[in-house]
Amino acid sequence: MHRVSKLSFPLRPALVLVVPLAIALLAACTPENNQSTFGTAGPIAADQASLFKFIFWIAAAVFVLVEGAILYISIRYRRRSDSDKRPYQTHGNDKLEITWTIIPILILAVIAVPTLTTIWAQQNNVPQDKGEVLNVEAVGHQWWFEFRYPDHEVVTANEVHIPVGRPVAFKLESSDVIHSFWVPKIAGKVDMVPLNNNFLWMIGDEVGTYYGQCAEFCGIAHAHMRFRVIVDTEEDFQAWISGMHTAPDAPIAGSPEASGKNLFAANCSSCHTTDSTTPGSYAREISSQQARWNGWISDIENSGIVSAPNLTHFGTRSTLGAGLKDLTQESLEGWITDPSSVKIGTRMQKHAAVYDTADGTAKLSPTEVSNIAKYLLSLKPGSAPSGAVVETGGNVDGAEVFATNCTSCHSTGDNKIVGPGLAGIGDQAGSRVAGLSSDEYIEQSLREPAAFVVDGFPAVMPNWSHLGDDSIDALVTYLKTLK
Ligand code: HEC
Ligand code: HEC
Ligand SMILES: [Cu+2]
């Protein structure tokens, strides 16, 4: 008797803890939950869920039978009094042992059939009979996702648009450590391994926004490395693609957005591109991203650049910081002022020169922060036709022309991106080529970039003659102000 009361004492608090905890954990399984694998919206997730249920019910039946037998035998044949005799002890029973070896073999064989067929069906090539396959490359970075559409020449980050009902083939890459790509309601989970690309296909069955999450511990901000899959109607998807090739309208001179654009060019553009709408910008962004990465890896502690999300048409996004917050003027101001107040550990704060302060917050006034946020939120497809270079006409602001066309490769400081940092170019330009004045050299760099290639750089500088005389003059004037 004494023994029983001793046992029941720790049992009660344990139950008080375990029962609510179990209920809380099980609540995450409700199909409505954003990351529940029970409410599915795509064939891959649906097949995995039905496979899970099939195995679950077999396991449940085994559990009930075995535990039931144990309970029944323990109660039915328990020792009832001190005078009960110890039963006759046996050892070995061929029939029983063969039976309980064969039954599990049969159960496992039954489970193996749907398991293996599902695995084969899902890892095999994308179905070819369900519409044109969309190719997407997803790249894991600490701690955000980059999405590239090679067939459409679109680069974006953290929000991937796919057309409803059409198969999407994802090439999964990582630029740094092992991440895992997981979209619970639509597709399974596959690791993103550096130097070893993986593959996953999915079909979104229902229009809507779905949660994605990195599912492999990848460092301090791992739990904050999320993304969204936006399943669009075919028309919305095509409109999105063509919007990504339509430049935003230039901000009105003197507006907060115009000031934000210049502040962005000065403080942020060494890592972020905002203008991947023009022809050729796709290849340029990929080489800039590689160059930013090379810059970071060559000096991990002190680098002023690192690969970063492409912010083209950022104003059309719904989330901030890799799916972490709703995107609003307020949340964006919070992010720009002090990124770690939103997401601890982000590389942006560690490496951007603008956060090189005692408390790590930006060297920007509240108005400047607000202007940058307004500028970023204003980045949406403009009224110019898709793919066109925006005509400036008349009064040209060199800083703006620079911010629109050049910042994916050049910083206005000393940082090397793809091309050299342009601080001090006015002073250096006069001595680059004998016989060319400073102005002449800068102009030649823009009109005939191949005529002189700076030592140690690739000859990838595009020809800018098409910008027109006004813009070229404005650029030369602007570049000479960079100190
Ligand atoms: C040293 C490189 C670097 C500089 C400079 C930099 N950033 Fe970033 N930025 C990053 C990185 C890396 C991330 C991804 C952070 C993460 O999610 O962990 C990021 C993320 C962002 C995001 C969120 C993007 C998304 O998809 O949700 C915004 C907005 C942003 N930066 C704005 C700015 C602004 C504004 C500035 C200038 C004041 C700036 N950045 C300067 C590297 C940089
Ligand atoms: C695709 C990347 C890329 C883009 C975009 C780009 N450049 Fe360059 N630029 C380079 C590279 C690389 C070099 C160095 C090699 C060379 O001299 O051609 C360079 C060199 C220069 C130089 C000469 C620098 C020196 O120290 O002598 C100037 C000036 C220049 N670029 C201005 C611009 C301007 C202005 C724009 C925008 C209208 C622009 N670049 C756009 C890649 C680019
Ligand atoms: Cu990760």
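This is a predicted model: local features need pLDDT of at least 70, side-chain atom pairs count only at pLDDT 80 or more; totals for chains, interfaces and linings use all residues.
Okay, some housekeeping. Local features here need pLDDT of at least 70, side-chain atom pairs count only at pLDDT 80 or more, and totals for chains, interfaces and linings use all residues. Residues are numbered from 1 along each chain as its sequence is written, and chains are lettered from A and ligands numbered from 1 in the order in which they are written.

Let's start with the sheets. Strands of a sheet pair through backbone hydrogen bonds, either parallel or antiparallel. One open sheet here has five strands with mixed pairing, in the order β3-β2-β1-β5-β8. At its edges sit β3 (154-157) and β8 (198-202), each pairing on one side only. Neighbouring strands in this sheet are turned by 25° against each other on average, direction ignored. For angles like that, axes are lines fitted to C-alpha atoms (for helices, over the stretch in contact), and angles run from 0 to 180 degrees between N-to-C directions.

Zoom in on β1 (residues 134-141) and β2 (residues 144-149): they're antiparallel, paired over five bridges. Look for A138, which stands opposite F147 in β2. In the loop between these two strands you'll find W143, and the peptide bond from Q142 to W143 is cis, with omega near 5°.

Why stop there? Most residues other than glycine have a negative phi, and most peptide bonds are trans. Keep that in mind for two more residues. E153, in the loop between β2 and β3, isn't a glycine, yet has a positive phi of about 55°. N158 is in the loop between β3 and β4, and that non-glycine residue has a positive phi of about 65°.

So, are they buried or exposed? E153 is buried, with 20 other C-beta atoms within 10 Å. N158 is buried too, because it has 23 C-beta neighbours inside 10 Å. The rule is that 20 or more other C-beta atoms within 10 Å of a residue's own means buried, 12 or fewer means exposed, and in between is partly exposed, with C-beta atoms placed from the backbone.

Now the other open sheet. It has five strands with mixed pairing as well, ordered β4-β10-β9-β6-β7. Its edge strands are β4 (159-163) and β7, each pairing on one side only, and the twist averages 25° from one strand to the next.

β4 runs parallel to β10 (residues 226-232), joined by five bridges, with E159 opposite R228. Lying across β4 and β10 is helix α4 (residues 234-244), at about 130° to β4. On another side of the story, β6 (residues 179-182) and β7 (residues 189-192) are antiparallel, with four bridges. A residue counts as near a molecule if its C-beta atom, placed from the backbone, lies within 6 Å of it. Ligand 1 has 29 residues around it, and C268, C271, A308, M348 and A352 come nearest. Which element gives the most to that shell? It's α9, with three residues. By class, the shell has 20 nonpolar, seven polar and two charged residues. Here Ala, Val, Leu, Ile, Met, Phe, Trp, Tyr, Cys and Pro are nonpolar, Asp, Glu, Lys and Arg are charged, and the others, Gly among them, are polar.

Ligand 2 is surrounded by 28 residues, the closest being C406, C409, G419, F457 and M461. For this shell α13 gives the most, with three residues, and the classes are 20 nonpolar, six polar and two charged.

How values were computed:
Two strands pair if DSSP finds at least two bridges between them. Two residues are in contact if their C-beta atoms, placed from the backbone, lie within 7 Å.
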